[in-house]
Amino acid sequence: MNIVCLYGSPRVKGNSAAIANKFCGIAVNKGANVKSWVLNKLNFRGCQACYGCKGKSDKCVLKDDLAEVLEAVRNSDILVLASPVYYGDVSAQVKAFIDRNFSFLVPDYVHAAKIHRLEGDKTLVMILTQGSPDKEAFKDIFPRYSTFYKWMGFEKSELIHACGVMEPSDLKNRQDIFKQAEELAEKLAG
Ligand SMILES: Cc1cc2nc3c(=O)[nH]c(=O)nc-3n(C[C@H](O)[C@H](O)[C@H](O)COP(=O)(O)O)c2cc1C
């Protein structure tokens, strides 16, 4: 099982990273192969709307640090997207990555029977952390992106949503969240 884990927060020891680490740690123990990147440390741009991936190439034509990441996602079974909630959405780093996933769609993605280029049975695991303790707040984020990922061949998607965690120390008392990450890893990588 191949897992790509993308840390979407600039805080490498932050809440979303801690949850992603728990998930990936269990998955590795189960024999999964995990490749991970801190998006904030990569040199890349968002989609440039050049449509190179819809004409001269079936891949993103931008030559930057994300090329290797996109290739790993193509070959993955699970994509872990760990993001803090910033202004009611994913972080800018995660959004820029998502926009580059445009290269996973075929040129005629509006009409084609199979609209994506990815093979295999893929699952999205989204990890969202937010300061607000209100579980209803920002609950639109996951369904919105899971719909787009379904377009791109991720038939299944799972969410770990940690609310009321502002500082990394806030997560220390949240064994329920770590348990959820553990159980999900057992289920998907077991
Ligand atoms: C720029 C910025 C915007 C934020 N926007 C929100 C927000 O809209 N809603 C919220 O509940 N928390 C918001 N927060 C708090 C973070 O979501 C919260 O601290 C989260 O746990 C950070 O995750 P991390 O430790 O993985 O970086 C914001 C924090 C920052 C720095």
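Helix α1 (residues 15-29) has 15 residues, which at 1.5 Å a residue should span 21 Å, and its end C-alpha atoms are 22 Å apart, which agrees. The expected span is 1.5 Å times one less than the number of residues in the helix. This is a predicted model, in which local features need pLDDT of at least 70, side-chain atom pairs count only at pLDDT 80 or more, and totals for chains, interfaces and linings use all residues. Residues are numbered from 1 along each chain as its sequence is written. Helices (H or I, at least four residues) and strands (E, at least two) are DSSP runs, numbered from the N terminus.

**Helix α1**

Of the 15 residues of α1, 11 are buried, and the helix is mostly covered. A residue is buried if 20 or more other C-beta atoms lie within 10 Å of its own, exposed if 12 or fewer, and partly exposed in between, with C-beta atoms placed from the backbone. Among the buried residues of α1 are Ile19, Phe23, Cys24 and Ile26, and Lys22 is also one of them. The buried residues of α1 pack against β1 (2-7), β2, β3, β4, β5 and α5; contact here means that the C-beta atoms of two residues, placed from the backbone, lie within 7 Å. Gly31, with a positive phi near 100°, follows α1.

**The sheet**

The 5 strands form an open sheet in the order β2-β1-β3-β4-β5, with parallel pairing. Strands β2 (33-38) and β5 (156-163) are at the edges with a single partner strand each, so one side of each has no neighbour in the sheet. From one strand to the next the twist averages 15°. Axes are lines fitted to C-alpha atoms, for helices over the stretch in contact, and angles run from 0 to 180 degrees between N-to-C directions. Two strands pair if DSSP finds at least two bridges between them.

| Strand pair | Bridges | Residue pair |
|---|---|---|
| β1 and β3, parallel | 5 bridges | Tyr7 and Ala82 |
| β3 and β4, parallel | 7 bridges | Ser83 and Leu128 |
| β4 and β5, parallel | 8 bridges | Leu124 and Ser157 |

Helix α5 (residues 175-189) packs on the sheet and touches β3 (78-84), β4 and β5; the direction of α5 makes about 165° with that of β5.

Strand β3 is largely enclosed by the rest of the structure, because 7 of its 7 residues are buried. Ile78, Val80, Ala82 and Pro84 point one way from β3, while Leu79, Leu81 and Ser83 point the other way. In a regular strand the side chains alternate between the two faces of the sheet. A right-handed β-α-β unit is made by β3, helix α3 (residues 92-100) and β4.

**Ligand shell**

The ligand is surrounded by 18 residues, of which Ser9, Gly14, Ser16, Pro84 and Ser132 are the closest.

**Two loop tyrosines**

Most residues other than glycine have a negative phi. Tyr51, in the loop between β2 and α2 (66-74), has a positive phi near 60°. Tyr51 counts as exposed because it has 12 C-beta neighbours inside 10 Å. Tyr87 lies in the loop between β3 and α3, and its phi is positive, near 50°. With 8 other C-beta atoms within 10 Å, Tyr87 is exposed.

Definitions and conventions:
Right-handed = clockwise from strand over helix to strand, strands pointing away. Near = placed C-beta within 6 Å.
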